[in-house]
Amino acid sequence: NEIRYFINIAGVGISPDVVQRKEQAKNSMLGPSFNYVKHILKAFMVYVKKDLSCTSSDDGDNDNKDNKDNKEEEINPSSSSSWQWSGKLLQLTVANGRYFGDGICVAPDASVLDGQFHVTIFGNMGTW
């Protein structure tokens, strides 16, 4: 097992594919922002969504929140202490901050000051 830490946002799905493509490519003469967008578009064309199930639980008294194959949802731990999601996944992020990549906002309600993680799930969304 390998342990990895993050400060702002951790992602599962298409975002690690984009990062890997960008790291393996040569830098563009048009700058890093163009290079990042180029690799996002390339990843969208070939990325195959994977089946994923995830569950969060807490000892709190809040009701369980079940979501099946939602298109997009931000799960805010302050409103629900436990939840479950399964389906085809384009992107899942666990966020302490609002933005990642080159200024892409994936967790608009997240704040590094509130002490809470925000989970955003982009499920079986069409890429085009």
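I searched the whole structure for disulfides, taken as pairs of cysteine sulfur atoms within 2.5 Å, and the search found zero. The model I worked from is a predicted one, where local features need pLDDT of at least 70, side-chain atom pairs count only at pLDDT 80 or more, and totals for chains, interfaces and linings use all residues. Residues are numbered from 1 along each chain as its sequence is written, and side-chain values use heavy atoms, with hydrogens and water left out.

Cys 54 counts as buried because its relative accessibility is 15%, whereas Cys 105, at 35%, counts as partly exposed.

Next I looked for aromatic pairs, that is, rings of Phe, Tyr and Trp (its six-membered ring) whose centres lie within 6.5 Å, called stacked if the planes are under 30 degrees apart, edge-to-face if over 60 and tilted for the rest. The count came to one aromatic pair. Phe 6 and Phe 117 form this pair, which is tilted, with 5.5 Å from centre to centre and 35° between the planes. I noted that the pair links distant parts of the chain, 111 residues apart: Phe 6 sits in the segment before β1 (9-13), and Phe 117 in the loop between β8 (104-105) and β9 (118-122). Helices (H or I, at least four residues) and strands (E, at least two) are DSSP runs numbered from the N terminus. Phe 6 is partly exposed at 34% relative accessible area, and Phe 117 is partly exposed at 43%.

Last I turned to pockets, which on a 1 Å grid over the protein atoms alone are open sets of points where a 1.4 Å probe fits, with protein on both sides within 12 Å along at least five of seven lines, and whose lining residues have an atom within 4 Å of a point. The largest pocket holds about 290 Å³ of space. I counted 16 residues in its lining, and the closest to its centre are Ile 14, Phe 44, Gln 91, Ile 104 and Val 106. The elements giving two or more residues to this lining are α1 (14-24), α2 (32-46) and β8.

The second largest pocket has a volume of about 220 Å³, the space filled by probe spheres set on grid points joined across faces, edges and corners. Of its 13 lining residues, Ser 15, Pro 16, Val 19, Tyr 36 and Phe 100 are the closest to its centre. Here α1 gives the most to the lining, with seven residues.

How values were computed:
Buried < 20%, exposed > 50% of the residue type's maximum accessible area, 1.4 Å probe, protein only.
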